[in-house]
Amino acid sequence: MTEMQKLYLLVPLAPLAGALIAGLFGWLIGRVLSHWITIIGVAISFVASVLIFQDVMAGHVFNGSVYTWLTSGETRFEVGFLIDRLSALMMVVVTFVSLMVHIYTIGYMAEDPGYQRFFSYISLFTFSMLMLVMSNNFLQLFFGWEAVGLVSYLLIGFWFTRPTAIYANLKAFLVNRVGDFGFLLGIGMVLAYFGTLDYAAVFSMAPELAGMKVALLQGQEWQLMSVICILLFIGAMGKSAQFPLHVWLPDSMEGPTPISALIHAATMVTAGIFMVARMSPLFELSETALSFVIVIGSITALFMALVAIVQTDIKRVVAYSTLSQLGYMTVALGASAYSAAIFHLMTHAFFKAVLFLGAGSVIIAMHHQQDMRYMGGLRKYMPITYLTMLIGALANAGLPPFAGFFSKDSIIEAVGLSTIPGAGFAYLAILAGVFVGGFYSFRLVFYTFHGEERFRHAPTDEHGHHDDHGHHGPAVPHESPWVVTVPLLLLAIPSVAAGWLIGPMLFGGYFGDAIFISHDHHALAHMAEEFHGIGAMMLHSLTTLPFWLAAGGAGTAWFLYIRRPELPAVIKAKFSLISTILEKKYGFDAFNDFFFAGGARLVGRSLWRGGDVWLIDGLFVNGTARLIGWASALVRHVQSGYIYHYAFAMIIGVFLMISLFVR
């Protein structure tokens, strides 16, 4: 094993070691040592990832097996790494954001009794995501895929004494199982038709099987590549929370804020985006699959952004923002702009982590109050948190020169140039989403940090407390400690500057062979001809519709929440039907509770009544007892105690035996 291969192993194993030590021995080594061990593990992983990134940029890639799990016939199931420019970028983003979240957790979870357990979980989560992005085969991809799902279940339900947390983690687990069923079927079809699970082998054989058709649904023939890609994308719809499998993500806010940032910024929800980009050699062979992807992404981008504008929980606003931004990434994938999708994944990881961790900083200051209706005027009390969240909002809205502008603008332009069926609808949807995104981003900032200090009128319980921590009187806010603000400041830097890498990232051939794009759909090639640097791009944006839509959304938020704060209530009353639809989240939760949960309860009751009550208790248990009682009642009449009764019975018995056996 070479020195670089040892370094590859160090990246996932360092967080795993920290997770095992904190998880198994945290009770023994204490809180401080637990967080230092896990933080050092992730820091080692980050440094190793940076070194690997530099090595990859020097032209060195690796694709090989590390361990053979089992061999079945000619098929080998292996653990292996594919280290190229795509995976190297993901490794750096994942480990950096994870490191910031680990440090931030020291301050956020300081009073929590599950301190060591939480550090163990988030370190294990980092290991799972790294195994996913570094995989060179579908088996390891599926292992990492399921591992992040399992650990997210543990983290969302971390406060397991809360019924809402238990509901949320079960919901996330079950919805992801729906997507993972499609994902597993897709992997099964790859193995059945390609005879291997190795990426390189599958990608090299894919053009030969591009024309093959398979019989499905009452003998109807479908293109093999379309079926495989759609099944794989169904898995991505679950993990990356795309319509209609998006319902788990907002409820996952029941978990602690650090894990909200880790799950929704750089890891679990971006796994689906990464997977589709990695599978670009397959998706490029199916226009049907690309059309399906672009339509699903555009629906998610617009309609989830609309829900964000009526949310009052500060974390849920950011959660629905994540859904919308994931929709933008998915639209880019459908337009064959895989590089733009990964570029937005990278920029989004930074500014969304800022927004989530900034929201957590506000929640700490407000003594765990999350309702923005009881905030306001926090800017002068929390200047660092305000500045970093303002940067995050500017980037999320897509305004220059912040990171989100470059990636989001590239996606919009690529979709506008796309000829994929459904691209026209997608273009209109994401343009409308730009205005809504600008509105909800600055609604959060203005509602939380400007205007009246509504926290002085926050409701109290019967004891005069404002929260379950026993704080008395108005929750006068204050800036968070350094372990919270330092990660915010460090994440704010790439939230501003990461977009400036657009030249080499999108138009300089950064991804090389890691992403395959057919010439029929190569919108980025046309965009490269018009790109003349980030300065020219920002100047040109002043004449484009997306910029003015984003600015218009921000301006509308200013007018409604600063200039005329009484108007939102008036608008809500006048458009109560639309407001109710958005507050009910289009009725998906109600439908799922009625149809799926209610159907499951109905089936359960039917099985209980028909199986337990009637068959087992009624027939087998009680029925057996009744049968014995009935037979005993008959026999009791024969056992009378009179000799002549017994003599008569004996004579009848002898007569029957003679009749039956004597011929």
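1. On confidence, the protein averages a pLDDT of 85, and 95% of the residues score at least 70. Among the elements of the protein, the highest mean pLDDT, 93, belongs to helix H12 (residues 287-308), while the lowest, 75, belongs to helix H25 (residues 588-638).

2. One stretch calls for caution: over residues 461-474 pLDDT stays under 50, although the model has 21 contacts beyond four places in sequence for these residues. Where pLDDT is low, the predicted coordinates should not be read in detail.

3. The largest nonpolar core holds 207 residues, and the members that touch the most others are Phe138, Trp248, Met279 and Phe283. Helix H14 (residues 338-365) supplies the largest share of this core, with 20 residues.

4. Helix H16 (residues 403-417) has 15 residues and reaches 22 Å from its first C-alpha to its last, which is close to the 21 Å expected at 1.5 Å a residue. Because 12 of its 15 residues are buried, H16 is largely enclosed by the rest of the structure. The buried residues of H16 include Lys408 and Asp409, as well as Phe405, Phe406, Ile411 and Ile412.

5. For residues 69-119, an unreviewed UniProt entry lists "domain: NADH-Ubiquinone oxidoreductase (complex I) chain 5 N-terminal". In the model this span is 57% helix and 25% strand, and its end C-alpha atoms lie 29 Å apart.

How values were computed: Residues numbered from 1 in each chain as written. Predicted model: local features only at pLDDT ≥ 70, side-chain atom pairs only at ≥ 80, totals over all residues. Heavy atoms only, no water. Core = buried A, V, L, I, M, F, W, Y, C linked by side-chain atoms within 4.5 Å. Buried < 20%, exposed > 50% of the residue type's maximum accessible area, 1.4 Å probe, protein only. Helix = DSSP H or I, 4+ residues; strand = E, 2+ residues; numbered from the N terminus. Expected span 1.5 Å × (residues − 1). pLDDT = per-residue confidence, 0-100. Contact = heavy atoms within 4.5 Å. UniProt positions renumbered as here; feature names shortened; annotations may be inferred.
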